Amino acid sequence: MTDVHEPIPAASPVIDEEEIEAAVRVLRSGRVVQGPEVAAFEAEFSELVAGRHCVAVNSGTSALHLTLLALGLGPGDEVIVPSFSFAASANAVRLVGADVVFADIEPDSFCLDPAAVEAAVTPRTAAVMPVHLYGHPAAMDRIMSVAGRHGLAVVEDACQAHAAALHGTPVGAFGAAGTFSFYPTKNMHSLEGGMVSTADADIARTLRLLRNQGMEQRYANEIVGANMRMTDVAAAVGRVQRAKLAGWTERRIANAAYLSEHITAPNVVTPSTSQGARHVFHQYTVRVRGDRDAFMAGLSESGIGNAVYYPTPIHRLRPYWEPDQKAGRTWELPETERAAAEVVSLPVHPNLSAHDLERIVSTVNDLGEQS
């Protein structure tokens, strides 16, 4: 049992003997880049996305970037993106030369508001990028409807949502493509890496070319590509983690249920799950109706890990704010601004003990009464 004074980390990446043995096995094999482990990982991950083609790359950001390239997006195109997300969501759009158009979020799910997406469509809109933030699926049924009416490609940023689903359909299986991250703090990891899922065999082949300098056959370059390959060491670790994901996900969901049932402080609003959604709780994110800084300081003093994802909306970050200011463009995103000012994420990872959960609840309730 964890001692009452031992810190409870906000995240707890897992690297056990199984992961180490898998990595060593590959290193000893001598086949360490884009080999059989990568192919096996792609096939096994496909089971999470309704059997779609899967293409492994070296990061979640690369997954987003290469997907937009494979779809042919570039200068003159607009992509609708939530501002309440990690900057990579918008960075990928800028990297292909397209313009980012920010849309507001729904307050309960923290994901793109389909009505805001509809309102943001212009003649230049080519795609929409819903982010399944914190592990909660975006309103894909309604977003797909909007996209269908306007002929838009849908690129799912599922980097925080491995095994999440809406009405039984897994994230990554709705749009033209879905993208996943295997960064160490994600619900599963490969030390570092990413994956793209798509139902389109042509898009999958283009992605494989793009990640490997435009080659399928060595020295037979077909298009201009880059080196964004996943190593076999990373894939071997990812395969071990993939096998553990179901159990970890159930523990995350159970931990979140315990926290929501027992956090009763009036100034702390626990997360909700939309009807028909499977929320996999990459983060357990509350809203603090009061002095958030004091609340977080109290958590830290009590050894409870916590963080704000994300304190500054993307549209207020310098690479986006300055060009928009020069262009005279402003964004009205009230729910995004409100969320950025109120959210705090608490530990929910599968390594939490019953005692850890009790400590989190007790501390949050005490501080929530004071905030």
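**Briefing: aromatic pairs, pockets, cavities and local features**

A search of the whole structure finds 13 aromatic pairs, where rings of Phe, Tyr and Trp (its six-membered ring) pair if their centres lie within 6.5 Å, with planes under 30 degrees apart counted as stacked, over 60 as edge-to-face and the rest as tilted. This is a predicted model, in which local features need pLDDT of at least 70 and side-chain atom pairs count only at pLDDT 80 or more, whereas totals for chains, interfaces and linings use all residues. Residues are numbered from 1 along each chain as its sequence is written, and side-chain values use heavy atoms, with hydrogens and water left out.

- Phe 102 and Tyr 320 form an edge-to-face aromatic pair, with 6.0 Å from centre to centre and 75 degrees between the planes.
- Because Phe 102 lies in strand S3 (residues 99-103) and Tyr 320 in helix H10 (residues 318-326), the pair ties together parts that are 218 residues apart in sequence; helices (H or I, at least four residues) and strands (E, at least two) are DSSP runs, numbered from the N terminus.
- The whole structure holds 21 salt bridges, each defined as a side-chain nitrogen of Lys or Arg within 4 Å of a carboxyl oxygen of Asp or Glu.
- Lys 244 forms a salt bridge with Glu 18, with the closest N and O atoms 3.1 Å apart, and this pair links helix H8, which holds Lys 244, to helix H1, which holds Glu 18, across 226 residues.

**Pockets**

- On a 1 Å grid over the protein atoms alone, a pocket is an open set of points with protein on both sides within 12 Å along at least five of seven lines, a cavity is a set where a 1.4 Å probe fits but cannot get out, and lining residues have an atom within 4 Å of a point.
- The lining of the largest pocket divides into 20 nonpolar, 15 polar and 4 charged residues, with Ala, Val, Leu, Ile, Met, Phe, Trp, Tyr, Cys and Pro counted as nonpolar, Asp, Glu, Lys and Arg as charged, and the others, Gly among them, as polar.
- The second largest pocket has a volume of about 240 Å³, and its lining, which includes Arg 205, Arg 208, Arg 211 and Glu 216, divides into 2 nonpolar, 3 polar and 6 charged residues.

**Cavities**

- The count comes to 2 cavities of 30 Å³ or more.
- The largest cavity holds about 50 Å³ of space, and its lining, with Asp 108, Phe 110, His 136 and Gln 283 among the residues, has 3 nonpolar, 6 polar and 1 charged residues.
- The second largest cavity holds about 30 Å³, and its lining, which includes Gln 283 and Tyr 309, has 5 nonpolar, 2 polar and no charged residues.

**Backbone features**

- Phe 110 has a positive phi of about 65 degrees although it is not a glycine, and is found in the loop between S3 and helix H5 (114-120).
- A cis peptide bond with omega of about 15 degrees joins Tyr 309 and Tyr 310, and Tyr 310 is found in the loop between helix H9 (292-301) and H10.

Key:
Grid points are joined across faces, edges and corners, and a volume is the space filled by probe spheres set on the points.
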